[in-house]
Amino acid sequence: MLIRLQYSTCPYGRKGRSMKKRILWIVVDIAAATLIMVGVWGFNYLIPQKGVSAVPMQSSFTKNTNNQDTLMEKMEEQTDIQMEDTGGQNASLQRTNITMDTQDWHKKFADKFTDQVVSTDTSYTSPNVSVQLFYHQYDTGKLDKSNSGKHEKYGTKISYVLADIYVGDITYFQTAFAKDTYGVGYSEKLTDMSARMKSVLAVNGDSYSNNRHEDNGTIIRNGVIYRNKQTTEETCVLNWDGTMDIYQPGQVDLQQLVDRGAYQSWIFGPSLLDESGKAKSTFLTWDYIRESHPRTAIGYYEPGHYCLLLVDGRQDSSRGMFLDEMAKVFEDLGCKAAYNLDGGHCSFMTMKNQVANHPYKPEHEVEDGIFITEGL
C-alpha cells in the first residue's frame, strides 16, 4: 500500500516540478527581455551618439552697439557653416537671415533698464537687460484625478515663479545645448550650463532630441539650423526681429523660416493661446501631457518683452498645473503667444547662481536651455 501510494504521487511531483521550471523560464525570459529593452533604451538615449559642436554666437554675427539699425552685420547670408562633429566628420549647417526689428529696444524700454547693474535675489537690471521674478501660490480646489488618481496625493495647491523679461536686443536671449553639442544622449545640469553661459536667468528647454530626432521637427538655435524634420507637434519660433510665431504640423517650411529670419525654434508644445491671445481649451498633445505636472513655458508680449514660467509640482505645496490652468495665466498676463516646454523633473530655473524655483527632486540633467545673458 505504501509503495502504491508513493508510486501514485510521483506523477504529481513531476508535474509540480515541470510547472516550476516553466514559471522559472518565463521569469528568465521576462528578465532577459527587460534587460534588452533597458540596454536598447540606454544605448539610444543615454549614451552620447555622434553629435555636432554647437556654433558659437560670436561666429554668427558682428555687433555694432552704436546703431540699432546696424546692430547685426551679416557674415554671409544663407551660406553653410563648416563644423566638425564629434566623430571627426565635417557637418554643414545653414544660417537663417538676420533681420532685426526697426525699433531700438534700448530706447523703447528705457524705463526698464538701469545705467548700472542692480541685482537682488528676485531682480536684475542693467543697461541691456531687465529681469523681475514674481512668486505666486493659490489653492485651485481641484484634485488631479487622471492617471487612475495617482496625482490626487499632491493636493490642490499650485505655486509658480514668473520671470518678466526685457532685453535691449535679441542677442541677449540665447539658447545652448548641453556640453555645447547637438546630438543624442548629451545632458548637463542647468546650473553648470548657466555658469558657462554667464547667464542672468536660465530655464530648461524642450529636450530637442526626443525620438532620436526621427520626425521630431526643425531645430534652429541662435540662428543656425541643426535639424529639418517633419513633426506631428506644434513648432514655436522666435525670430531675429523679436516676434514669435506658432506653426501647426505641416506648416513648417525651411526656406520660409530662413527668409523670415528664425532665431530660435522649439519642439514640444502645445501652444497655449489662440490668435487673439485667449486661453485655449483644447490642446494638440498626448494624454500624459494633459495631466498636472511641473511645467516650463515661454510667453511673448511684443518684440523685446517676454516671460518664462516655472511651475513647481508633485509636492504638497504644489501639485503642478493642467494646461488650461497655465493657459489662463498667460491670458491674464496679456501675452500674445505662449508655448509649453519640457516639464516634470526637467523643470528648473536659476537666477544668477541661485535656484529660483522649488523642484521636487534634486537637479536633473537636461539636454538644452534658454538663457538671458548680458550678450557678447
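These legends walk through several close-up views of one predicted model.

Local features are described where pLDDT is at least 70, side-chain atom pairs count only at pLDDT 80 or more, and totals for chains, interfaces and linings use all residues. Residues are numbered from 1 along each chain as its sequence is written, and side-chain values use heavy atoms, with hydrogens and water left out.

**View 1. The whole chain, to get your bearings.**
The chain holds seven helices and 23 strands; both are DSSP runs numbered from the N terminus, with helices being H or I of at least four residues and strands E of at least two. Of its 376 residues, 51% are buried, where buried means under 20% relative accessible area, exposed over 50%, and partly exposed in between (1.4 Å probe, protein chains only). The accessible surface is about 18300 Å², and 53% of that belongs to carbon and sulfur atoms; such areas come from the Shrake-Rupley method with a 1.4 Å probe, and for residues only the protein chains shown count as cover. Among contacts (heavy atoms within 4.5 Å) between residues at least 6 apart in sequence, 71% join residues at least 24 apart.

**View 2. Strand 12 and its two partner strands.**
Start with strand 12, residues 201-204, which is covered on both faces: L201 and V203 are buried on one side, A202 and N204 on the other. Strand 12 runs antiparallel to strand 21 (residues 349-351), and three bridges join them; two strands pair if DSSP finds at least two bridges between them. Look for V203 opposite M349 of strand 21. Strand 12 also pairs with strand 23 (residues 368-372), again antiparallel, over four bridges. Here N204 has G369 of strand 23 as its bridge partner.

**View 3. Strand 10 beside strand 23.**
Strand 10 is mostly covered, with five of its five residues buried. F173, T175 and F177 point one way, while Q174 and A176 point the other way. Five bridges link strand 10 to strand 23 in the antiparallel sense.

**View 4. The buried face of helix 4.**
Which residues of helix 4 (residues 190-197) are buried? They are L190, M193, S194 and M197. Seen down the axis of helix 4, these buried residues fall within an arc of 100°, so they line one face of the helix; the arc is that of the directions from the helix axis to the C-beta atoms. As background, an α-helix has 3.6 residues a turn, so residues three or four places apart point the same way. The cover over the buried residues of helix 4 includes strand 10 (173-177), strand 12, strand 21 and strand 23. Just after helix 4 you will find K198, with a positive phi of about 55°.

Helix 7 spans residues 323-333, and its buried residues include L323, E325, M326, A327, V329 and F330. Among the elements covering them are strand 8, strand 9 (157-167), helix 6 (287-290), strand 18 (295-302), strand 19 (305-311) and strand 20 (337-340).

Strand 15 (residues 235-239) and strand 16 share four bridges, and C236 has I246 in strand 16 as its bridge partner.

S126 sits in the loop between strand 7 (123-125) and strand 8 (129-139). Is S126 buried or exposed? Its relative accessibility is 1%, so S126 counts as buried. Leaving out residues up to four places away in sequence, S126 touches F113, T114, Q116, V117 and E374. With E374 there is a side-chain to side-chain polar contact at 2.5 Å; a polar contact is a pair of N or O atoms within 3.5 Å, where within protein one must be able to donate a hydrogen and the other to accept it, and residues adjacent in sequence count only if both atoms are side-chain atoms. M57 belongs to the loop between strand 1 (52-53) and strand 2 (62-63), and M57 is buried, with a relative accessible area of 5%. The C-alpha atoms of M57 and R221 are separated by 9.6 Å, though the two residues are 164 apart along the chain.
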